[in-house]
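Colleague: I would like to go through the labels used for this model and ask what stands behind each of them.

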Amino acid sequence: MSATTRRLTTAQALVRFLSAQYSERDGVRHRLITGTWGIFGHGNVAGIGQALLEAGEDAMPFHQGRNEQAMVHAAVGHARHLNRLSAQAVTTSIGPGATNLVTGAALATINRLPVLLLPGDYFATRPADPLLQQLEHAVEADVSVNDTLRPVSRYFDRVTRPEMLIPSALNAMRVLADPAETGAVTLALPQDVQAEAYDWPEEFFAERVWPVRRPAPDPVELAAAVRAIRAARRPLIVAGGGVHHSEAEEALKALVDTTGIPVASTQAGKGSLRHDHPADLGGIGHTGTAVSDDMARTADLIIGVGTRYSDFTTASSTLFQRPDVRFVNLNIAAFDAHKLAARTLVADARTGLRALTEGLSGHRVDPAYEAEYRAGGARWEAVVEAAFAADDSAVPTQTQVLGALDAVVGDDDVIINAAGSLPGDLHKLWRARGPRQYHLEYGYSCMGYEIPAGIGVQLAAPGTPVWSLVGDGTYLMMPTEIVTAVQEGLPVNLVLIQNHGYASIGGLSEETGGERFGTAYRYRAPDGTFTGDPLPVDLAANAASLGMDVIRAKTVRELRDALAAARASDRPTCVHVETDPAPTSPPAAAWWDVPVAEVASREAASDARERYDGHAADRRRHL
C-alpha cells in the first residue's frame with residue numbers, strides 16, 4: 001500500500017469518513033454525524049457492524065435500537081434539538097429492516113430534518129440469486145426493496161462498487177448540511193460491497209467542514225418586501241420552524257419590538273416568541289388560537305417566516321379571507337418562499353429578519369391595531385386559564401393534564417408530541433417558555449414518534465428534563481424504545497394518557513359522519529360492533545415490564561405530585577393517568593378539509609356533508 005492510500009473495507013472507510021465530518025455556522029463547529037443507530041442482520045452485521053466495532057466509541061458512538069422506524073425518529077429528534085447542525089446515521093439489514101425505515105425517512109424529509117440512512121442491500125455481484133429477503137422483479141433486475149426510500153429521500157444512491165462511495169458520501173454530506181435541501185439521505189449498501197477492500201486515498205479521511213450558509217436577501221426583493229410591510233395596515237407574521245432552525249428567535253423579537261407586528265406560530269414555529277410577549281398570539285390555523293385566527297382573517301399582509309404553509313396552517317385555504325390580502329415569504333428554500341403567489345425573500349431567516357428590521361426603522365403599526373390584538377391575547381389567556389383549572393380531587397381531563405404539567409416544568413424542559421388530540425390542545429394552550437421547549441412533529445404527525453424522539457433529545461441535551469406525551473393509541477404503536485432509554489440510563493419522562501381508543505380520530509369520525517366507527521378499544525358487543533366493555537389493557541404495567549419506573553395518578557393532585565416526582569428522578573419514569581373523557585379543549589377556530597361522503601343513507605353523514613359544503617365554499621386560491 002502506498003503512503004497516500006489506506007486499505008479498508010467499504011464499510012470501514014465509510015465509518016472513518018463520517019467520523020471526520022463537521023458542520024460550521026457563525027464560526028462554531030459541530031460534529032456532523034454524532035453517532036450511529038443500528039439493528040444488525042445478515043445485510044449489515046459483517047459490514048457496517050464490524051466497521052463500527054473496529055472504529056470504537058470515540059470515533060463513532062453506537063446506539064442500539066429495537067425498531068428501525070424508531071431509530072430514525074430518535075435521530076430526527078436529536079437533529080431538530082440541535083437546530084439541524086448535527087445528524088445521526090441509522091444502519092439496518094437488508095429486507096424488512098430496510099423497509100421499516102420508510103416512515104421515518106418520510107417524517108425527516110417532510111420536516112426538513114437531516115438523517116443518514118445506511119440500509120443493507122442485495123449482493124452487487126449476485127453470486128447467489130435470489131438471496132434471502134431479495135425482491136425479485138420480472139423486468140427490473142436492479143430494483144430492491146430499498147427503492148421504496150427514493151421518494152422520501154432528498155438524496156439516494158446505491159453504492160455497487162467501493163470507489164463509488166467517494167462521490168456518494170460527499171454528496172450525502174452536502175445535502176445533510178444544506179439548510180435548503182436537507183432531509184433523509186439514503187446510501188444503500190450491498191452487503192458484499194460493504195465487506196470488499198479497496199485502497200482509499202488518505203484525503204478522503206481528512207477532516208472536512210461543511211459551512212451552513214446564511215444567505216442574505218436580494219436587495220431588490222428586500223426593498224419590495226419593506227415597501228409592502230410599510231404599506232400594510234394589518235400585517236401578521238406567521239412564524240414557522242425555520243425561525244428555530246436558523247436560531248432567529250432574537251431577530252424576530254427585535255423586528256416585533258421595533259414594528260409592533262404580531263406573531264402567530266405554526267406547530268413547528270411555536271416558541272419563536274415567548275408566550276408572554278405582548279405580540280405573541282399563539283398557534284395559527286385549524287389548531288390555532290381564536291385571536292390568531294381572527295387576526296389572520298382580517299390581515300392585509302401575511303409575512304411568512306420559515307413556514308411551508310401546510311393545510312393546518314392555512315385552514316385548508318380558508319383562513320386568509322381578506323379580499324386584498326397579500327403575502328411576503330422569507331424562506332431559505334425558494335420552493336416554499338414562492339407559495340401563495342408571495343413576494344419572496346429567499347434568505348436565511350435570521351439574516352432576513354435583521355435586514356427587514358433595518359429597512360423598517362422608524363415604522364410601527366397603528367396603536368389601535370396593537371391594542372386590538374393585545375386585547376385578543378388577554379381574552380385567550382383567560383380561555384387557557386379556564387381550560388387548565390381543576391378541582392384537586394377530580395379525575396383530570398386532557399387539558400387539565402396539560403395544566404398540571406404547565407405548573408411543574410421549567411423554562412428549559414422539552415415537551416414532545418406528534419399525534420392524536422394532544423397536538424391540537426398543545427398548539428392552542430401550551431405556554432412556550434423557550435425556543436426549544438415546544439417539540440411537536442406535525443409535518444408527518446407520526447404516531448410512535450414521541451418516545452424515541454425523547455431519547456434523541458436527551459442525547460442532544462443531557463440533563464434537560466424531557467417529556468414525551470402520548471395517548472394509548474400512540475403508545476401501542478411503538479413503546480419498544482423504552483428499553484433503549486433504560487439501557488442508556490436516559491431519564492426520559494413519559495406522560496401516558498389512557499382514554500381507551502383513538503380519541504382524536506374518534507372525534508374527527510363523529511364530526512365527519514363516521515360515528516366513531518372502529519376507533520374505540522372495546523370488546524365486540526352482541527351485534528358484532530366494537531361497543532362492548534373497554535379492553536382490560538394495563539399500559540402502566542407494560543411500561544414497568546420494559547424497565548420504566550411507573551407512577552399512577554388518579555386525581556389532579558396525584559398527577560401534580562407524580563409529575564414533580566418524575567421531573568426530580570434520574571430514571572426513565574412513566575406517569576400514567578386515565579382521563580375524564582369530557583371535552584374541555586376550546587373548539588377549533590378554523591376549518592380543516594376532511595372530505596365527507598357526498599351521498600349516504602345515514603343521517604350523521606348527510607348532516608356532516610351539509611356542514612362540509614358550507615365550509616368548503618370559503619376555500620380560495622391566492623394568485
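Modeller: Start with a charged pair: the side chains of glutamate 381 and arginine 431 meet in a salt bridge, 2.5 Å from N to O. Bear in mind that the model is predicted.

Colleague: Why is arginine 431 called buried, and why is glutamate 381 called partly exposed?

Modeller: Buried means under 20% relative accessible area, exposed over 50%, and partly exposed in between. Arginine 431 has 11% relative accessibility and therefore counts as buried. Glutamate 381 has 31%, so the label is partly exposed.

Colleague: Which residues are joined with this pair into one network of salt bridges?

Modeller: Through shared partners, the network joins Arg274, Asp276, Glu381, Glu385, Asp406, Asp411, Arg431 and Arg433. By the same cut-off the count comes to 40 salt bridges.

Colleague: How do you know that arginine 571 and aspartate 549 form a salt bridge?

Modeller: Their closest N and O atoms are 3.1 Å apart, and the limit is 4 Å, so the pair is counted. Arginine 571 lies in the loop between helix 23 (556–568) and strand 23 (573–578), and aspartate 549 in strand 22 (residues 549–553), so parts that are 22 residues apart in sequence are tied together. Arginine 571 has 30% relative accessibility and counts as partly exposed; aspartate 549, at 32%, counts as partly exposed too.

Colleague: What are the values for aspartate 324 and arginine 322?

Modeller: Their side chains meet in a salt bridge at 2.7 Å, N to O. Aspartate 324 has 40% relative accessibility, so it counts as partly exposed. Arginine 322 has 26% and therefore counts as partly exposed.

Colleague: Turning to the sheet, in what order do its six strands run?

Modeller: The order is 14-13-12-15-16-17, in an open sheet with parallel pairing.

Colleague: What makes strand 14 and strand 17 edge strands?

Modeller: Strand 14 (280–283) and strand 17 (343–346) each pair on one side only. From one strand to the next the twist averages 20°.

Colleague: How do you know that strand 13 and strand 14 pair?

Modeller: Pairing needs at least two bridges. Two bridges join strand 13 (residues 263–265) to strand 14, so the pair meets the requirement. Serine 265 has glycine 283 in strand 14 as its bridge partner. Helix 11 (residues 290–298) packs on the sheet, touching strand 12 (235–239), strand 13 and strand 14, and its direction makes about 105° with that of strand 14.

Colleague: Why is strand 15 described as mostly covered?

Modeller: Five of the five residues in strand 15 (residues 301–305) are buried, and buried means under 20% relative accessible area. Leu301, Ile303 and Val305 point one way, whereas Ile302 and Gly304 point the other way.

Colleague: Which strands does strand 15 pair with?

Modeller: Five bridges join strand 12 to strand 15 in parallel, and strand 15 pairs with strand 16 (residues 326–331) in the parallel sense over five bridges. Isoleucine 303 is the bridge partner of isoleucine 237 and stands opposite valine 328 in strand 16.

Colleague: How is helix 1 covered?

Modeller: Helix 1 (residues 10–18) is mostly covered, with eight of its nine residues buried. Among them are Leu14, Val15, Phe17 and Leu18.

Colleague: What makes serine 168 buried?

Modeller: Serine 168 has a relative accessible area of 1%; the limit is 20%, so the label is buried. Serine 168 is found in helix 6 (residues 165–177), and leaving out residues up to four places away in sequence, it touches Tyr155, Asp157, Val159 and Leu187.

Colleague: Which residues form the nonpolar patch on the surface?

Modeller: Met477, Tyr502 and Ile505 form it, with about 270 Å² of accessible area together. Isoleucine 505 lies in helix 21 (residues 503–511) and, at 47% relative accessibility, counts as partly exposed.

Note on methods
Residues are numbered from 1 along each chain as its sequence is written. This is a predicted model: local features need pLDDT of at least 70, side-chain atom pairs count only at pLDDT 80 or more; totals for chains, interfaces and linings use all residues. Side-chain values use heavy atoms; hydrogens and water are left out. Helices (H or I, at least four residues) and strands (E, at least two) are DSSP runs, numbered from the N terminus. Axes are lines fitted to C-alpha atoms, for helices over the stretch in contact, and angles run from 0 to 180 degrees between N-to-C directions. Contact means heavy atoms within 4.5 Å. Patches are made of residues with over 30% relative accessible area and no salt bridge: like charges are joined within 9 Å, nonpolar side chains (Val, Leu, Ile, Met, Phe, Trp, Tyr) within 5 Å. Accessible areas come from the Shrake-Rupley method with a 1.4 Å probe; for residues, only the protein chains shown count as cover. Buried means under 20% relative accessible area, exposed over 50%, partly exposed in between (1.4 Å probe, protein chains only).
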